[in-house]
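Subject: Structure handover

Hello,

Here is the structure we spoke about, with some notes on what was found in it. Please look it over before reading on.

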Amino acid sequence: MNNVYKITLTCLILSACKVEKIVHQNPQAKPVVALVADAETAPVTSFDDAADDPCVWINPADVTKSTIIGTNKKEGLEVYNLEGKRLYSYKIGRVNNVDIRDGFLLNGKEVSVVTASNRTYNTISILTVKPTGELEDAAARKIASNLKEVYGLGMYKSPKTNKFYVFMVGKKGGVEQWELFESNTQIDAKLVREFSLGSQGEGIVADDVHAKVYIGEENKALWKYDAEPNAENNRVKVISTNDLNMKDDFEGVTLYDAGNGKGYIILSSQGNNSYAVFDRVSNQYLGSFSLKDGAIDGTYDTDGIDVTSVNFGTKYPKGFFIAQDGANTQGKDSLHQNFKIIDWQKISKSLHLDSSN
């Protein structure tokens with residue numbers, strides 16, 4: 001048999017076969033734009049390398065009372081208001097990454113579901129958000145992963161079926177996709193898909209409109225996969241760690257939703273303390289920014305990031321971006337890491353992003 005046909009046949013037989021396409025970037029030699037954050041959260045309660053990943057809960061009754069949920073990877077989850085004041089702490093284990101999705105039907109009511117990768121038990125922690133912003137355990141049982149060590153995590157709501165999923169990224173590069181479902185007034189999960197990046201990954205974000213999921217393979221590239229559970233495991237390389245303005249490790253990944261399927265993918269390029277912005281549809285590289293020292297200190301060695309496009313009034317009319325700070329170098333709390341917040345309009349203006357996106 002011809003070798004070409006052998007390869008083709010093998011790929012058809014093996015569901016895990018990866019077909020790698022490449023988005024040709026050719027980033028222009030534009031400098032990384034340095035900006036100053038507008039706010040910061042209280043430091044996490046644990047010393048040294050403890051803060052990691054944030055997500056944002058939008059309060060449906062009053063957006064100004066929305067909260068930031070951050071991981072303290074030595075203890076659990078911490079909840080802050082939009083000014084950065086800590087409201088609640090939950091010692092649920094060494095949770096590494098966290099994500100949230102709204103609209104899960106539980107006990108006949110729509111709730112916001114928070115999930116986190118719990119390294120203490122190698123499980124998915126599942127919680128719901130109360131109207132007060134408090135978190136409540138909602139797991140029907142311990143959702144034990146087959147991965148050797150759980151690490152990254154991102155949620156996905158299918159535009160095709162409206163089902164909710166959790167993607168788990170293992171420290172060795174394995175990826176699992178779990179479907180969430182109601183079970184006896186609580187939330188259970190079942191494993192529906194497995195594949196491998198090839199080496200260590202962590203940062204992940206799903207696009208609930210275009211049915212894609214972006215995963216950072218830390219020392220190699222940012223990849224895009226189809227997010228549906230029955231999809232092929234083919235992938236597209238968005239950008240490499242060796243490309244201009246990029247430097248490993250690739251860490252947090254998030255998505256700015258501008259509506260109508262438009263927006264931006266944002267990537268934490270940890271090796272040069274910057275954040276790269278890509279068009280949501282074409283994945284074209286649009287530029288990078290960093291957070292420098294000012295009235296609020298800048299960020300260093302960032303892990304997790306998040307962004308929201310919600311209108312919070314005059315302070316953040318187009319939403320805000322939030323990043324973990326691996327140093328928190330100013331003031332008495334320099335041994336406690338925290339999260340920095342910046343108005344999205346500053347980023348958009350500095351990178352000359354299309355206002356229609």
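A residue counts as buried when its relative accessible area is under 20%, as exposed when that area is over 50%, and as partly exposed in between. Asp99, with a relative accessible area of 12%, is therefore buried. The model is a predicted one, and every value below was computed from it.

Overall picture

The chain has 357 residues, and 55% of them are buried. Its secondary structure consists of two helices and 27 strands. Of the contacts between residues at least 6 apart in sequence, 54% join residues at least 24 apart. The chain exposes about 15,300 Å², with carbon and sulfur atoms supplying 49% of that area.

Salt bridges

How many salt bridges does the structure hold? The count is 16. As background, side chains of opposite charge can pair when their charged atoms come close.

One of these salt bridges joins the side chains of Asp99 and Arg101, at 3.6 Å from N to O. Arg101 is buried, because its relative accessible area is 13%.

Another joins Lys340 to Glu40, with 3.3 Å from N to O. Lys340 belongs to strand 27 (residues 338–343) and Glu40 to strand 3, so this pair ties together parts of the chain that are 300 residues apart in sequence. Lys340 has 0% relative accessibility and so counts as buried, whereas Glu40, at 28%, is partly exposed.

Lys340 also meets Asp325 in a salt bridge, at 2.7 Å from N to O. Here the parts tied together are 15 residues apart in sequence, because Asp325 lies in strand 26 (residues 320–325) and Lys340 in strand 27. Asp325 counts as buried, since its relative accessibility is 0%. A network of salt bridges links Glu40, Asp297, Asp325 and Lys340.

Around Glu40

Glu40 sits in strand 3, which covers residues 39–40. Which residues does Glu40 contact, leaving aside its neighbours within four places in sequence? They are Glu83, Gly84, Ile296, Asp297, Asn328, Asn338, Phe339 and Lys340. Gly84 is 44 residues from Glu40 in sequence, yet the two C-alpha atoms are 5.5 Å apart in space. The side chain of Glu40 makes a polar contact of 2.8 Å with the side chain of Asn338. A polar contact of 3.3 Å also joins the side chains of Glu40 and Lys340.

Elsewhere in the notes is an open sheet of four strands, in the order 13-14-15-16, with antiparallel pairing. Strand 13 (150–157) and strand 16 (186–196) are the edge strands, each pairing on one side only. From one strand to the next, the twist averages 25°.

Strand 13 pairs with strand 14 (residues 164–170) over seven bridges, in the antiparallel sense. Met155 stands opposite Val166 of strand 14. Strand 15 (residues 174–183) and strand 16 are also antiparallel, and their pairing runs over 10 bridges. Gln177 has Arg193 in strand 16 as its bridge partner. Two residues lie between the strands in the hairpin of strand 15 and strand 16, where Asn184 takes a positive phi near 50°. In general, side chains in a regular strand alternate between the two faces of the sheet.

Regards

Technical notes. Residues numbered from 1 in each chain as written. Predicted model: local features only at pLDDT ≥ 70, side-chain atom pairs only at ≥ 80, totals over all residues. Heavy atoms only, no water. Contact = heavy atoms within 4.5 Å. Polar contact = N/O pair within 3.5 Å; in protein donor to acceptor, adjacent residues only side chain to side chain. Pairing = 2+ DSSP bridges. Axes fitted to C-alpha atoms, helices over the stretch in contact; angles between N-to-C directions. Buried < 20%, exposed > 50% of the residue type's maximum accessible area, 1.4 Å probe, protein only. Areas by Shrake-Rupley, 256 points an atom, 1.4 Å probe, with all protein chains shown as cover. Salt bridge = Lys/Arg side-chain N within 4 Å of Asp/Glu carboxyl O.
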